[in-house]
Amino acid sequence: MGRKVILATCSLNQWALDFDGNLERILKSIEKAKSQGAKYRLGPELEICGYGCADHFYESDTLLHCFQVLRKLLESPVTQDIICDVGMPIMHHNVRYNCRVIFLNRKILLIRPKMLLANYGNNREFRWFSPWNTLRHVEEYFLPRMIQDVTGQDTVPFGDCVLSTKDTCIGSEICAELWNPKSPHVDMGLDGVEIFTNASASYHELRKADHRVNLVKSATTKSGGIYLFANQKGCDGDRLYYDGCAMVAINGDVVARGSQFSLDDVEVVTATLDLEDVRSYRGEHCHPHVEYEHKPCHRVKVDFSLSDFDDVYLPTHQPIEWKFHTPEEEISLGPACWLWDYLRRSGQAGFLLPLSGGVDSSSTACIVYSMCVLLCQAIRDGNPQVLKDVQRVVSDVSYTPTDPRELCGRIFTTCYMASENSSQGTRDRARDLAGQIGSSHMNLNIDVAVKGMLGIFSLLTGKWPQFSANGGSTRENLALQNVQARIRMILAYLLAQLSQWALGKPGGLLVLGSANVDESLTGYFTKYDCSSADINPIGGISKTDLKSFLHYCLEKFHLTSLNSIMAAPPTAELEPLADGQVSQTDESDMGLTYSELSVIGRLRKISKCGPYSMFCKLLHTWSEILSPLQVAAKVKHFFRMYSVNRHKMTTVTPSYHAESYGPDDNRFDLRPFLYNTRWSWQFRAIDDQVSKMEAGNENPY
């Protein structure tokens, strides 16, 4: 009957500027799509060069190499007899665009530039690209000679247009266009486009997967249609992790989906769908007597059919239920996959973590263990690429891991760095956790190094600083804490560089950090301390979520040592013990609880609150537990701490992006690092409001 179509979308683990690897993965995805009978293959955004090229997009080399890869794709027999939709940057009239290039049998059908750019969160597309902002406008694009030689075409359509095959009509969206209030699929659907495609580079954040799925479903609920969503996956070279979730929907229902977290470099999702289902749906929902004001789409006619004539016995995909991961599962999976991509692509031999026995460093250790669990499972499932990468990391081509603990011992080193201020409890907790996950664990004492540093200072000045507990000033107390933390960082890097050498093994280790997002907000860490590392898998995760994550690991991996870790109060253990017991706690030092910081962090970043706006919102949020004066004190205390310590974010370890209120200074949270820390005007506005309330002129509740 010629009405059923098989369509393919995919998630690819592309790597910025890895043109050889990216080409290989694109070809593999097309080959998989064809083997499953698909006639249309959709790939992720900017898949040829990788989405995360950043300022490399300015370089003519990037554009040149993209066209060279495109030529390879056009020439390949793998790409014959299937419409291929690939992403790359293209310069037209000396303006750079983020484009889809759609081709069939060595002919480019059209080039569709992105019309609505992403310029929020971690995205800065306006820095490198211009939007194609002329609706329904199409121009001629003059192809480079290397492409002309293959296609025999001098020019191809470039602009806002759709494909019209013999049996249906296909229109493109690119990533952020789905999220925009004026999504192109609305007018395209009203003009008869039946299949919508979306090539994305959508990164992971905790608790955000349902938003993406709901948008895809909504796109076809109102006026029907088929929607293909493709996405990047993995770490392509920076703090972001792209979490896949390729999917196909029809008339508001998801009928096929890929995984959200996976170690597979190439994942292809295909679905068989009936075009008549779209037409029947629209017959009821889009009444023919209703006229819509819109400009018709420019159609590029293609002498090709997505359907076969005799398809009556071809079964179609039916709606499925999307099961979302819990936030604890997301923490277990996302950062673990990100760490693995970073490790295998960095050429290093494993990780080293200063393990203190607290919640933060223990969370980092559990994420590495989760990574080892995923690796062993992927190898059991027959993933040859994972096995090859593991063998390369451990420098043993005969090695096949089966036990996560044993693998952990080969690639993960933990180290407890004790001082005279460390308690036996934290030492035991670190040792017990290391034993249960199988890491190669070391214990050492840093007191000799600390005294050596202080001895140098004493020779220069004739003075020996003291802790506050021993009569010292605040400056002395802070300096003595900092020297311990910084010596730990130096020792961590020394061990990472030479521990493999000492064992007669090749390679070095990546140092892992363990500072959470809430500590970064207030600057509650020493600049260049043991949280300074090569990468930090928990730097974008709140303390509250990390505690829940450890509960999950306790149940999932049976790590009973986590019980005592979660029960212990968070502490830096940098000040003297009181009768052998910890006297210093994080929340006491910060003057704010971690739960309060989580609320404050969201108001600062997500709600865009300055001091006064934050005070006004927290008046109601905390009305049952704090007076207006107490709320004001906490808000002012936070902004003083935040502004005094903001400079630390310029040197903070690159962290996995997980939270929408993260303070990352790199791209996500662009703010000054030198503030007037008195906030005189802002704090005066708060004080004036408090005075009015205390005088009884206003009732805040």
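This is a predicted model: local features need pLDDT of at least 70, side-chain atom pairs count only at pLDDT 80 or more; totals for chains, interfaces and linings use all residues.
Let's start with helix α22 (residues 628–645) and helix α23 (residues 680–694), whose axes come within 10 Å and cross at roughly 170 degrees. That angle is over 145 degrees, so α22 and α23 are roughly antiparallel to each other. On the α22 side, the residues that meet α23 are P628, L629, A632, V635, K636, F639 and R640. Their partners in α23 are F683, I686, D687, V690, M693 and E694. Sorted by class, this contact has 9 nonpolar and 4 charged residues, with no polar ones.

Now look at another pair. Helix α20 (residues 594–605) and helix α21 (residues 611–621) have axes that come within 10 Å and cross at roughly 135 degrees. Because of that angle, α20 is oblique to α21. The crossing of α20 past α21 is right-handed. Here V599, I600, L603 and R604 in α20 meet M614, K617 and L618 in α21. The contact of α20 with α21 is made up of 5 nonpolar and 2 charged residues, and no polar ones.

Finally, turn to the nonpolar cores. The largest has 61 residues, and those touching the most other members are L339, F351, M371, F412, L433, L559 and L562. Helix α10 (residues 359–380) supplies the largest share of this core, 12 residues.

Methods
Residues are numbered from 1 along each chain as its sequence is written. Side-chain values use heavy atoms; hydrogens and water are left out. Axes are lines fitted to C-alpha atoms, for helices over the stretch in contact, and angles run from 0 to 180 degrees between N-to-C directions. Helices (H or I, at least four residues) and strands (E, at least two) are DSSP runs, numbered from the N terminus. Angles under 35 degrees count as roughly parallel, over 145 as roughly antiparallel, 65 to 115 as roughly perpendicular and the rest as oblique. A crossing is left-handed if the near helix is turned anticlockwise from the far one by less than a right angle, and right-handed if clockwise. Contact means heavy atoms within 4.5 Å. Ala, Val, Leu, Ile, Met, Phe, Trp, Tyr, Cys and Pro count as nonpolar, Asp, Glu, Lys and Arg as charged, and the others, Gly among them, as polar. A nonpolar core is a set of buried Ala, Val, Leu, Ile, Met, Phe, Trp, Tyr and Cys residues joined through side-chain atoms within 4.5 Å. Buried means under 20% relative accessible area, exposed over 50%, partly exposed in between (1.4 Å probe, protein chains only).
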